[in-house]
Amino acid sequence: MTGSLDNEYKARHESFERWFQSSLGRAMLANQRHVLDQATAPLTGARQLQVGLSHRLPLASGSDFVQKIITTPGWHAHMPDSVAVADADELPFPGDSMDLVILHHTADFSPDPHQVLRESARVLRGEGKIALIGFNPVSLWGLRKLVSRHHEGPWGGRFLFRKRMEDWLRLLGFQIDDSATHFCALPLQNNRGHRRTRQRNRDWLPIGAYYCILARKRVVGRVPPRARWQKAKVMPIPGTLGAPGGCASRSGTMSNNRKQQEKQWPAR
């Protein structure tokens, strides 16, 4: 990224992190944690990776994984050992090393969201899960973004369509296990209506403020190489020259025997 673009997205990241300290932001974060806890409860594995915008917004903290890693795009003082400073489109992890990858509005605040998905697919092992959270443009929140004049908080994000994200995941070899929108609250800073949507697991109308896509990385089975056909070996017959058919060989042998007899018994 260029310097100006890097500074622009850095400012958007910091503004979005500060927004989560508001009443509306805290209500949404509580709802997202509840949704992720429900989705990741049956999952187990060695490593869980959260690719987000801040290490201060952990998700799926109750999941059953041995190691939990969080990446953040910027360095901060007093960061835990489990936090790695890295860009979402260039993760410093080997391929097939993670069992669960959580993208917390990462594509919304990235200059290259497709590369973010490719990197997540690279570090995820086969049959591993990815949980993608993004703002829903087909909602009152999406309408608020269209009419908003500033780019602070969530209004500085991309608001990518859920169908597009599902198509990108399928192109990368994922199978969509679950996809739904959540948090049907008005995009207003007040306390009314926040508690009713805080612990709701799913909103059946696709107009929630954000969507959560749970997908599994498929492993394509290798086709074993086709065995080369070989000619059947024919057991040789005594008295033949080793040819498959005995007729030509037998005739040749008989003629040779006749010549030998003529040599032994010359004609009178």
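**The largest pocket and its setting**

The largest pocket is lined by 25 residues, of which Lys-10, His-13, Pro-73, Gly-74 and Asp-87 lie nearest its centre. Helix H1 (3–19) and strand E2 (64–72) are the elements that give two or more residues to this lining, and H1 gives the most, with 6 residues. A pocket here is an open set of points on a 1 Å grid over the protein atoms alone, where a 1.4 Å probe fits, with protein on both sides within 12 Å along at least five of seven lines; lining residues have an atom within 4 Å of a point. The model is a predicted one, in which local features need pLDDT of at least 70 and side-chain atom pairs count only at pLDDT 80 or more, while totals for chains, interfaces and linings use all residues. Residues are numbered from 1 along each chain as its sequence is written, and side-chain values use heavy atoms, with hydrogens and water left out.

The volume of the largest pocket is about 400 Å³, taken as the space filled by probe spheres set on grid points joined across faces, edges and corners. By class, its lining has 11 nonpolar, 8 polar and 6 charged residues, with Gly counted as polar and Asp, Glu, Lys and Arg as charged.

Turning to the whole chain, 7 helices and 7 strands are present (DSSP runs of H or I, at least four residues, and of E, at least two). Along the sequence they follow the pattern α-α-β-β-β-β-α-β-α-α-β-α-β-α. Of the 268 residues, 43% count as buried, that is, under 20% relative accessible area with a 1.4 Å probe.

Key:
Buried means under 20% relative accessible area, exposed over 50%, partly exposed in between (1.4 Å probe, protein chains only).
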